[in-house]
Amino acid sequence: MRQAQIRAYLPESPQGLPARLAYPATVPAGRRARFLEELKLLGVEAFVEDDEAGVRRRVKGLIAGKSILSWDPEELPYGAGEALQGETVAFGRDARELQAQADIGLTGCEAALAETGSLAMVSGPGRPRTASLLPLTHIALIRQADLLQGMGEFFERYRQSPVLPYVVFITGPSRTADIELSLTLGVHGPGKLILILGP
Amino acid sequence: MSHFLDRVETALRDPDLKTALGRATERLGSRRSASLDSLPDSDAVRDMARRAKLGLLRDLAGNLETFEKNLIKNGIQVHWAEDGAAANRIMVEIAKSRGCKRAVKSKSMATEETHLNHDLLEAGLEVLETDLGEYIVQLAETTPSHIILPIIHMTKESIGKVMHEKIKVPYTSDPEKLAKIARVKLREAFLSADLGITGANFGVVDSGALVLVSNEGNARLVTTLPRVHVAVMGIEKLVPSLSDLDLMIKILARSATGQKITTYTSLVTGPRREGESDGCQEMHVILLDNGRSRILGGPLAEILGCIRCGACLNACPVYKNVGGHAYGDTYPGPIGSIVTPGLRGIKAWKELPDASSLCGACREVCPVRLDIPRMLLELRKQAVEEASIPWALRIGLWGFGVAASRPWLYRAGAGLFRRASGLMAKSGWIHKLPGLAAGWTRSRDLKAPAPKSFQELWRQRPVRPAPAAAKEAAPVR
């Protein structure tokens, strides 16, 4: 009886709706173009480098002389860990107070999503969440092969993991419009996001 | 006058509030439209979202059981709270037994509903709201007036004043400076807190995960730094699987602020894993009922599909004029007019479903296509059945029923009214009706009826012969 009541007030949807969202096939060049478009709308600075050395040079140029909070070097793609040599760096294993002093966070990412200009960051050993969260500037390295179209595809990959880790999708810099609708960046998270897209 | 009408009067007399609300709802509303236009098949997406939500609600109990199992599999401890007081008790117990002294909170409507902060403070814990708007609400010792923009009703000058008075910083009304001050203050709190409290935008049944969306990053900090994390989630906030989550994420931010997606969307799956250097060490979820299961078997059931986007607030002509505080409880706007009487009972809240012209703008914009006008009418029906309505109204309605079902009586009465109002009207308008009818003209003028009714004019019209041409016109096949 109660089941009948429940069903009466929660009607079935009309027939003819697609069973699930359609994920049309896309090509890497198309995804990259779309990704860069979305980043422009978000005010995210993006660099596209053609080779590993170019990536390492770009990273060095951005972080030289600053204090950095980074993923462990083995976790960074393109051997970018090399750029950390000679710089002031804190890692996940360091004390919070030390981590909190960094100006720049340096990370890779699990995937990037072209549709929305997002990064998918999966946490794990050597990949502290704080690196993309505490400093005012966040630099993320993205491999072309990890540039997916959207969240749907990411979830296909992600749900295969035996133990689901913490994931955060980052789309642009931290922002608020709580005060009279005026946009302010960097309220709690990074106010500046820089992406380096490698080969 | 009732409390509700008092609050409405107060709101209507505030020109700053009207400007602020107008500006904000207009901007959010137009951004919503623009961003939905850019989503292919947005109507189908909304239909699919509705299908997913209602389908889940049809077997909420079963889904909750599965959800609990999967949460536990992820190492999350699950608690069930029958009502707000129970939820708060559980929270205090967890905090005390883990030796927590300082809590940081990210925005949670569910904890507003249960008045959690009050109980935590009573128990001797320090609680800091970290969403910028909620932080200022907390400093100003007031309540939020919009579910997405809590301080939409405050000017930057008043915000500057609050911060200057409460945390002793030099006065400024520059939004960027104010935000920077808050960042520094709250960063210190994030780093030293031992308890993180959040709500949950969604719970994914298949994955045993919670989803938190934010633009500022405070939800991330709250779930990354303190050693204990407790989330309070209404039992209706579930979605079946990650692909349904994709659907919901696509429409949530678009409906709320016009963004394609919020800056941060976190999938929280449990305490930190082996080898991780941050994340909580212990995670709890408090599943809150507080009247939701009572709504489930009745005509208001589909309101449990609400994803708290606030689009209905921005579209509602009533909300746009009176703002959130007039509604008197946690949830304002069209959604609040149903949730508040639904959860708390119609007797004390019958004025809320009345405060609507049933224009349906809310239903138009709802990402889950909730039929809000139908539910408002249902509540009005319940109000008549359960709550007391003034005897004058009962007699008036009975009288109208008698007159309207007897045409001769109706015509006679209407004729009398026309003659009488001809005497009362000044240049075509009646400014004040007498006696019991005075309520109608308290805030509007009544146009005086025409001297002759349409029926009279029709009967008195000169009869003309039909034109000859009509007879020869070829019949249409």
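## Exercises on a predicted two-chain model

**Exercise 1.** Of the 199 residues of chain A, what percentage count as buried?

*Solution.* The structure is a predicted model. A residue is buried if 20 or more other C-beta atoms lie within 10 Å of its own. By this criterion, 46% of the 199 residues of chain A are buried.

**Exercise 2.** Describe the overall make-up of chain A.

*Solution.* Begin with the secondary structure: chain A contains 5 helices and 12 strands. Next, consider its extent, which is about 70 × 40 × 40 Å for the C-alpha trace along the principal axes. Finally, turn to the contacts between residues at least 6 apart in sequence: in chain A, 73% of them join residues at least 24 apart.

**Exercise 3.** Which strands lie at the edges of the open sheet of 8 strands?

*Solution.* First, write down the strand order, β8(A)-β5(A)-β6(A)-β9(A)-β9(B)-β6(B)-β5(B)-β8(B), in which the pairing is mixed. Then look for strands that pair on one side only: these are β8 (147-148) of chain A and β8 (238-239) of chain B.

**Exercise 4.** In which sense do strands β5 and β6 of chain B pair, and which helix of chain B packs on the sheet?

*Solution.* Strand β5 (residues 202-204) of chain B pairs with strand β6 (residues 209-214) of chain B in the antiparallel sense, over 3 bridges. Within this region, B:Gly203 has B:Leu210 in β6(B) as its bridge partner. The helix is α12 (residues 242-256) of chain B, which touches β5, β6, β8 and β9 (264-268) of that chain. The direction of α12 makes about 160° with that of β5(B).

Conventions: Residues numbered from 1 in each chain as written. Chains lettered and ligands numbered in written order. Predicted model: local features only at pLDDT ≥ 70, side-chain atom pairs only at ≥ 80, totals over all residues. Helix = DSSP H or I, 4+ residues; strand = E, 2+ residues; numbered from the N terminus. Buried ≥ 20, exposed ≤ 12 C-beta atoms within 10 Å, placed from the backbone. Contact = placed C-beta atoms within 7 Å. Pairing = 2+ DSSP bridges. Axes fitted to C-alpha atoms, helices over the stretch in contact; angles between N-to-C directions.
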